[in-house]
Amino acid sequence: MRSPDSYWLESGPQWTATHRPPPARTELCVLGAGVMGSTLAYWLARDGRRPVVLDRNPAPAMGSSGRNAGRMIQGGNLQHAPAVEKFGHAEALAIYRATLRNQDLLDEVTEREGLGGTRFTTAKIDLAVSEDEALELERTADALTADGIAAAWLDADGVRRAFGTELSDDVIGGLHKPDQDAVHSVAYVRGIAAAAVRHGAEFCLGVTATTVEPHGGRWLVRTDAGTVEADQVVVALNAWTPRLLPELDPFITPVRGQLVQTAPVPFRIPQWGLDRGLLYGGQAPDGSLLVGGLRNTVPGRDEGIAVEPGANTPLFAPDLADRLADALPALLPEARGAEVVRAWSGVMAFTPDRRPLVGRWPGAEGLWVMAAFNGHGMPYSQIVPQQLAERMAGGDGGHIPLTFDPARFLTGGGTS
Ligand SMILES: Cc1cc2nc3c(=O)[nH]c(=O)nc-3n(C[C@H](O)[C@H](O)[C@H](O)COP(=O)(O)OP(=O)(O)OC[C@H]3O[C@@H](n4cnc5c(N)ncnc54)[C@H](O)[C@@H]3O)c2cc1C
């Protein structure tokens, strides 16, 4: 059986917090109730403010945040050793540390808001099937260890012991990182959104924003349910961000991501990645296996795909789902015979340098962007909103890595 809706959306809690038409005037308006917008609303509300969140869907987490693999893997898109080479040690470490702080915040927030049941912790093992990737992962283990971060290179036997199952003979070793988080994506995001409402945020859902424009020192957000005037606006619309901020169109590429899910299996495995993350997987709390990726088997690597206006996901590709289903037993012989019960797609937003866009819109007081997490938003899903909330209150927000600043692509002058 195949379904375009995710396991998380099917098995997650219903959204019950009130929605209402948006107010004509608010201090803070957050566009998007994915993990980023919902968590920003949470941190703003925890600080005693009353943000208004608008989303075109009737519940939070109906975009990519409810269709992902739920993995919160520490570190940025690149492994640490190549990240150090590309960005320099200070910036690569800032990115990694942001994700470690994220885990501390995740501990604090899930404990405080009674959301412990929405997350689970496993190791992550990046598997190497080629000598050059093995070298990169070994160097990464060394670089992380030198920075005081727990990680180890495991040889072929070690990786099989850590996995606890047979693995393809092609696997020659792997990078082991303990204590990586995963969440039930929808339960987690809706839990955070509900906590935001308890702290004073308003979620006005089923409302599509069409434009954001300057207006006498404030911002006007036009929607299909009226106009909202706000002192500060945050655009957290993932791949849909350029619809409101067209200046970002050249810098945000919509990319399809797709996953398949098996029936529960009687063994447990860590989260894993293969071929520099082009194939990846994990296990849901019910024991089912999730496998995603293989964009490299699709023309153009599924980059620049179309997402219809109003749709939450690009068209589902059954042939890609078949390839993902076949890849699982090829890697993990014990998964042979595990029935594939579901598959779904979602949209990711990539930037040319594979770093997110987070910060003030250059030259525009009160307009912020928090988008384009390059298929890797979850490990920033507390720290970035929390730090952005701090910046919006006039603070430093210094734990957002400098290279996330949207000014790197924009010349300034405000939005038209
Ligand atoms: C298949 C797949 C697997 C993934 N796996 C992982 C993973 O394991 N780990 C990880 O870290 N990341 C993963 N990602 C990426 C992750 O899902 C994203 O980084 C994250 O969800 C981005 O959150 P967001 O809040 O920015 O976007 P979204 O959750 O997409 O939220 C954007 C919101 O904007 C709303 N919206 C859009 N346009 C409008 C409008 N005009 N007006 C009002 N509302 C609007 C949408 O309804 C949506 O709710 C995966 C992505 C995919 C597709």
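This is a predicted model: local features need pLDDT of at least 70, side-chain atom pairs count only at pLDDT 80 or more; totals for chains, interfaces and linings use all residues.
I started with the shell around the ligand: its residues divide into 14 nonpolar, 16 polar and four charged. (I count Ala, Val, Leu, Ile, Met, Phe, Trp, Tyr, Cys and Pro as nonpolar, Asp, Glu, Lys and Arg as charged, and the others, Gly among them, as polar.)

Residues are numbered from 1 along each chain as its sequence is written, and side-chain values use heavy atoms, with hydrogens and water left out.

Next I asked which residues come nearest to the ligand.

Then I looked up polar contacts (pairs of N or O atoms within 3.5 Å). A side-chain N or O atom of Asn57 sits 2.8 Å from a ligand oxygen, and a polar backbone atom of Met378 is also 2.8 Å from an oxygen of the ligand. For Ala209, a backbone N or O atom is 2.9 Å from a ligand nitrogen. The protein buries 97% of the 1,000 Å² that the ligand exposes when taken alone (Shrake-Rupley method, 1.4 Å probe).

I also checked which elements line the shell. Strand S15 (340–350) gives the largest share, three residues; H2, S11 (253–264) and S15 each supply at least two. (Helices are DSSP runs of H or I, at least four residues; strands are E, at least two; numbering is from the N terminus.)

Last, H2: Tyr42, Trp43 and Arg46 meet Leu105, Glu108, Val109 and Arg112 of H4 (contact is heavy atoms within 4.5 Å).

Technical notes
A residue is near a molecule or strand if one of its heavy atoms lies within 4 Å of it. A polar contact is a pair of N or O atoms within 3.5 Å; within protein, one must be able to donate a hydrogen and the other to accept it, and residues adjacent in sequence count only if both atoms are side-chain atoms.
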